[in-house]
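Dear colleague,

Please find the structure below, handed over for your files. My notes on the findings come after it.

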Amino acid sequence: MFKWLHPYAKPETVYHLCGRLMPWLMGTALLLLLLGNIWGLAFTPPDYQQGDSYRIIHLHVPAAIMSMGTYSAMAIAAFIALVWQVKVAQWSVLAIAPIGAVYTAIALITGMAWGKPMWGTWWVWDARLTSELILLFLYLGVIALSGAFSDRQTGAKVASLLAVVGVINLPIIHFSVEWWNTLHQGASITKFAKPSIDPSMLWPLLISILAFKILMLALLCVRLRTAILVNEQHRPWVKAMAGD
Amino acid sequence: MVTLGPFLKRELRLLARQKADWLNPVLFFLIVLSLFPLGVGPEPNLLRIIAPGVIWIAALLSVLLAAERLFKDDYRNGVVEQLVASRQPLLAFVLAKLLANWLSTGLPLVLLSPLVALLLNVDMASFIAMVLTLLLGTPLLSLLSVLGAALTVSADKGGILLALLILPLYIPLLIFASAAMEAASMALPYHGQLAVMLAMLLFALALVPLAVTSALKINVS
C-alpha cells in the first residue's frame, strides 16, 4: 500500500525533491508573510480594549502555534527514524530542531513584549509561559544531545529518542490555559466553536499562521539538503554532482 | 526471561561496596538545605514558606548528582555491551538499576524528611504532605534520571547535558509536589495533586523502561 513512499527514503531523491520545492515554498511563505503582517499591522481596526498593542498577535500566535506544530513534526520524524530506521528521517529531526527553537524563542519574546503593556510585567510564572519555556529547553536538549557524541549517527538516534519522550509536554502546553486558571487568555481560534475574534482580525492572522507554516517547510528543505550533503559526502552521486 | 533477583543483588552489592556513590548525594542534599537558612536569613516564617520549593529543588540536585554515574561504570567495563549482545531482555537489568537507584537516593530523602522538617521549621500538616509527595515523587525522579543517564551514557560531556535533559521533564513534578505541600500548609485538601503525581508515576513506570532499553541499545551499537 505504501510502496509509492519507498523512493522517498532514498537521500538522493529527497535532496532533489527539496531542491525543487524550496523556491516555491520560500516564495509563497515570504508573500504570505508580507501580506498577513502588513494587513494585520496596518489595516485592521484597533482592539476595543487593548488598542493597538494587540497587533503583535500577528507574530506571537503564529510563532506559538508553530512552536508546537514544529515539535510534533520533529517527533513524528523521530518516531519514523527510530522504528523504521530511515536515515533521512533522522537527519530531518536535527534539521527541524533549530527552526522550532527559534519559533519558540520568537513566541516567548513577542509574548513578553505583549505582556508588558497588558499585564504590567514582562514575565509571570503562569502555566502557559512556563510550559512554553520548557518546550524551548526540550528543543535545546535535542540540539545539545545530538552534538554530544563523537559518533554522529548515535547522536542523531539518541536525540530522536529524546524528541519522542518530550511529546508528553505538548498536551500540557496546549491545555494549560484550560486546566489551570491562568493570566494567559484562552484560545481564540478553535475548530469546533465560532472563533472569539472578529473576522477582520481573523483573516490576516490565519494568513500569518499559514505563512509561518510554509516558512518552516521551506527552511526545513534548505537545512535537510545541507544535512544530506554532509552525511552523504562520500557517496558517488554527491561526488558526481560536485563535479569530481 | 531473566528474573530481577540476580541483577538486584548485584546492584545492591555494588552500592554496599561503593558507599560514596549514594552517601555523597545524600550529604549534598543536607548541605544544600542548610545553605538556604544561611542565604535568606533564619526567619522561621520565611523558611516555612519557601520550604516546599527548597526541599524539592535540593532533592532534584542530589538525584542528578547520583544519576551521572548510573550506567557509566557498567558501560566502560562492558557489562551493558555484553547484556545487549546476549540477546536477553534488558528490562530486568533496567528495573534492577531503577530499584537500586531509588533505594539509594530516593529512600534516604524520605527517611531524612523529619530532620528536614525540623531544619526548615515545617509544621505537622505540611510534614505529612512532604513525606507523601517524597514517596510518590522520588520514584519518578529515579525514572527520569535513569532515562537521562541511559541517553547520555556514551556522550563525551555527559554532566551538564544530563541536567538540560532531565530538568524540563522534571518541572511538572516540581509544580505538583510543591503545590501539594503549599495546600497542606494552609489546611486545604491536596488529594488532587497526589493523584496527579501518582498518575505521572504510573505512566512513567509503564513507558520509561522501554525508552531506557532502546537508549542503551543505541549507545552500544
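Predicted model: local features only at pLDDT ≥ 70, side-chain atom pairs only at ≥ 80, totals over all residues.

Residues are numbered from 1 along each chain as its sequence is written, while chains are lettered from A and ligands numbered from 1 in the order in which they are written.

The contact between the chains (C-beta atoms, placed from the backbone, within 7 Å) takes 18 residues from chain A and 18 residues from chain B. On the side of chain B that touches chain A, helices H8 (158-185) and H9 (191-220) of chain B each give two or more residues; helices are DSSP runs of H or I with at least four residues, numbered from the N terminus. H8(B) provides the largest share, seven residues.

Within chain A, helix H3 (residues 87-119) packs against helix H5 (residues 152-165) at an angle of about 70 degrees, with the axes 9 Å apart; axes are lines fitted to C-alpha atoms over the stretch in contact, and angles run from 0 to 180 degrees between N-to-C directions. H3(A) and H5(A) are therefore roughly perpendicular (65 to 115 degrees). Among the residues of H3(A) that meet H5(A) is Trp91(A).

Within chain B, the axes of helix H1 (residues 4-17) and helix H6 (residues 91-119) cross at roughly 40 degrees and come within 8 Å. The residues of H1(B) that meet H6(B) include Phe7(B) and Leu12(B).

Yours sincerely

Methods. Contact = placed C-beta atoms within 7 Å. Parallel < 35°, antiparallel > 145°, perpendicular 65-115°, else oblique.
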